[in-house]
Amino acid sequence: MHDLEHLEQELVTASHIVHQQGLVNAFGHVSARIPGTETFLFPPRRSPALIRVDNLLVLDVEGNQLAGEGRPNTEFWIHARIYKARPDVQAVCHVHSPNCVAVGSVGETIRPLHHPASAFKDGVPVFDRIGLIRTRELGDAVAKTLGACRAMLLRGHGANVAGEDIRRACVLALWLEEAAGLQLRAMAAGQPRYFDPEEMERVHDQLFAEPGPVNRAWEYFSSLVAEC
Ligand SMILES: [Zn+2]
């Protein structure tokens with residue numbers, strides 16, 4: 001399979017996974033940089049559940065639509081300006097994860113208390129401004145808030161997760177939401193015992209030093225949407 005076709009297929013699979021796992025419903029979007037360029041594959045204005053290879057668009061970091069039928073999701077500036085600011089980022093998940101919204105709403109952010117959340121050892125900044133990200137300026141502000149981190153919350157809205165490839169961005173978006181759910185339960189029950197920096201580093205090395213765990217998670221989650 002040609003590299004671009006493979007990328008398109010993985011983007012479709014990731015879109016279906018974030019839907020199947022409850023991170024999005026009618027809204028939200030996953031994108032992928034076309035390697036070595038300032039352009040990216042992006043879905044049209046449809047639920048991630050309905051994304052297919054033949055309805056993907058191509059946009060650039062300046063917000064121009066270069067290919068594809070239909071109009072892009074209105075929040076394309078999130079993706080465009082993260083790709084502009086972060087040459088290392090190859091994929092972005094913008095999700096409306098309910099537990100992430102709840103954590104952001106109580107003046108908290110994700111703080112690792114279970115193994116997979118060690119992916120976020122560098123922090124999960126919160127973008128405080130409510131509302132859709134529909135301008136270049138807001139896209140730049142979102143990218144600035146993300147900084148060098150892997151994930152951020154958008155208060156009252158959802159989360160953005162940036163990855164070195166689609167698989168990692170997708171799996172980390174799932175693990176971010178899992179972390180948020182566990183954090184809410186722990187906060188409701190008492191005082192959570194969050195990982196300290198040394199603990200986070202140790203688990204991070206075990207889970208993320210090589211691609212095995214992320215690939216195994218991808219294999220599992222993609223099997224759940226294989227018939228889509
Ligand atoms: Zn949104």
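**View 1. Gln183 counts as buried, with 0% relative accessibility.** Buried means under 20% relative accessible area, for a 1.4 Å probe and protein chains only. The model is predicted: local features need pLDDT of at least 70, side-chain atom pairs count only at pLDDT 80 or more, and totals for chains, interfaces and linings use all residues. Residues are numbered from 1 along each chain as its sequence is written, and side-chain values use heavy atoms, without hydrogens or water. Gln183 sits in helix H5; helices are DSSP runs (H or I, at least four residues), numbered from the N terminus. Neighbours within four places in sequence aside, Gln183 contacts Val103, Glu108, Thr109, Ile110, Arg111, Leu113 and Tyr194. Contact means heavy atoms within 4.5 Å.

**View 2. Helix H1 (residues 3–20) meets helix H5 (residues 166–189).** Their axes come within 10 Å and cross at roughly 5 degrees. H1 is therefore roughly parallel to H5 (angles under 35 degrees). Axes are lines fitted to C-alpha atoms over the stretch in contact, and angles run from 0 to 180 degrees between N-to-C directions. From H1, Leu7, Glu10, Leu11, Ala14, Ile17 and Val18 take part. Their partners in H5 are Ile166, Arg167, Cys170 and Leu174. This contact has eight nonpolar, no polar and two charged residues.

**View 3. Twelve names aside, what lines the largest pocket?** Ala26, Phe27, Gly28, His29, Arg45, Arg46, Asn73, Thr74, Glu75, His96, Leu132 and Arg134 do.

Methods
1 Å grid on protein atoms, 1.4 Å probe; cavity = no way out; pocket = protein on both sides within 12 Å on 5 of 7 lines; lining within 4 Å. Helix = DSSP H or I, 4+ residues; strand = E, 2+ residues; numbered from the N terminus. Parallel < 35°, antiparallel > 145°, perpendicular 65-115°, else oblique. Nonpolar A, V, L, I, M, F, W, Y, C, P; charged D, E, K, R; others polar. Buried < 20%, exposed > 50% of the residue type's maximum accessible area, 1.4 Å probe, protein only.
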